[in-house]
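Welcome! Here is a short tour of one protein model, with a few spots to look up as you read.

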Amino acid sequence: MSRVTSGRLTLSWVGRDEALRNTADGGYEWVSRQDPRVTEVRLLQETGKAGDVTGTAADNLLIHGDSYDALHALVRNPEYGDHYRGKVKLVYIDPPFNTGQAFQHYDDALEHSVWLTMMRDRLLLIRDLLAPGGSVWVHLDDAEMAYCRVLMDEVFGRGNFVGTVVWQKIHARNNSAQHLSSVHDYLLVYARSKSDLVFNKIDRTELSDQEFWNPDNDPRGPWRRSDLTASHAYEDGRYEVVGPHGDVFSPRGNRWWSCSRETFDALREDNRLWWGKTGRTFPFRKRFQSELGGLVPTTFWTHDEVGDNRQAKAEVTKLFDRSRIFSTPKPEALLKRVIQIATDPGDVVVDVFAGSGTTAAVAHKMERRWVAAEILEETAETFTRPRLEKVVAGDDPGGITKTVGWEGGGGFRSLKASPSAFEIADGRVFLADWVKGEDFAAVVAAQLGFMMYDSADGGPFCGTKGRARLAVVDGVVDEVVARGVLGHLDEGERAVIVGRGVTPEAESLVAELSRGSKVLKAPRDLVRRGKAVR
């Protein structure tokens, strides 16, 4: 007797129901998923700029900070969410592979369950960033690829799996390998909504065009042969045709013509059939090179198509002196292929494990908008930022520069994710010492989902969300303060007043005078009641 069960396939691991937060030594610690240092929205504070920028969230952005904090801010902070949430066409990430090795520029030896939690939390935010026709490409090796595939099935839905690309990263055998010489990486590709996903074709190559010829001197140019039969049953696919010399042909065995007789006759009339040099062979369709355009991408990318590890290191070495070598760069041709397939000029590309900055550099040269995040300050200052400055200035002659005709231009802003606004001692939550003045207002606005603005008339408000206005008081909200804030409301508006302290009289007054308005105390109500006012 069969039994019907409910539920879905999920991946289980130690700590699955917990969250991670960064520690001072660059590692992670397990905390509750409700920990305010995890749920908070970090501020992104400008630290510099290069080239032409607008000073808004629409600029190219280089963020120094943890990938989770960067993604969380892009999704949840209205200043950035309006530009990026549900609007990103491509996310490419090359996260730590968890191979047990310690690279020079980041710790790649994350414990297995830590790695899965780290990836899960970031993939959930990436899903929120993606446009309906967007895709995410996760670059991995054998260490975690299989587990990540199951994890991504859970996050994005198994039906949104697009494919696995195998990249030949090394073209020389390692004869000292213990068992097998590994020469490839994987790129797991998922769509936000596979039904909305449309990929571009890739450029034709000299190798792909070798099959074209023009033995009959057709004025439409070179062409290649294409089979006119199909293996699946086709209602109009059973008929006989007569060749130029009276020979009769029809598909044999379990084959059918792939087109109707009417279509076949139209192809014959337009000289799109090839009967062989003698005119007596089985017919093929002529596919003209000029009409085919690009190529549908395959799932196996060789080193001669998109480069390999050796080429990638050579590209970075040319940009910097040999004393500064990044351990795990990717070749620009590889990222060009990904970006060409998944985006069009003007689309947004995101990479929150920026490393040496290859993704952002290639996206910039290909006239895409980009956001890149790198957690290690040394890496960002030594490789990522200087490389992107060279791209903007037109001082980067390597990689795909000549291929795409890049000569410089554009710009980007450098941002830094703020430290946590909250501290916890003896189970109680406090505001960090740096949270004061304008920073206090910005922290409050970010947690409550208000768009910050400068008050031109000197009024009490600093943020807006629909018909709600935000007033932040770096002190105690009493009756006098509350009455003054409410006096600046227009008809139909409501106020959210936040202070470090709140008197009961102020709460009563606001409830009495302005229906729907609130008085909140920081940090208590930012942590406990923040979601209620979003």
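This is a predicted model: local features need pLDDT of at least 70, side-chain atom pairs count only at pLDDT 80 or more; totals for chains, interfaces and linings use all residues.

Residues are numbered from 1 along each chain as its sequence is written, and side-chain values use heavy atoms, with hydrogens and water left out.

**Enclosed space**
- A cavity is a set of points on a 1 Å grid over the protein atoms alone where a 1.4 Å probe fits but cannot get out.
- The count comes to 1 cavity of 30 Å³ or more, and the largest cavity has a volume of about 30 Å³, taken as the space filled by probe spheres set on grid points joined across faces, edges and corners.
- Ala19, Leu20, Val38, Tyr68, Asp121 and Arg122 line the largest cavity, each with an atom within 4 Å of a point.

**Backbone spots**
- Ala522 and Pro523 are joined by a cis peptide bond, with omega about 5 degrees.
- Asn271 is not a glycine, yet has a positive phi of about 55 degrees; Asn271 is partly exposed at 39% relative accessible area.
- Asp426 also has a positive phi, near 55 degrees, and is exposed at 82%.
- Buried means under 20% relative accessible area, exposed over 50%, and partly exposed in between (1.4 Å probe, protein chains only).

**Cysteines**
- The whole structure has 0 disulfides, a disulfide being a pair of cysteine sulfur atoms within 2.5 Å.
- Cys148 is buried because its relative accessibility is 0%, and Cys462 is buried at 12%.

Methods:
On a 1 Å grid over the protein atoms alone, a cavity is a set of points where a 1.4 Å probe fits but cannot get out, and a pocket is an open set with protein on both sides within 12 Å along at least five of seven lines; lining residues have an atom within 4 Å of a point.
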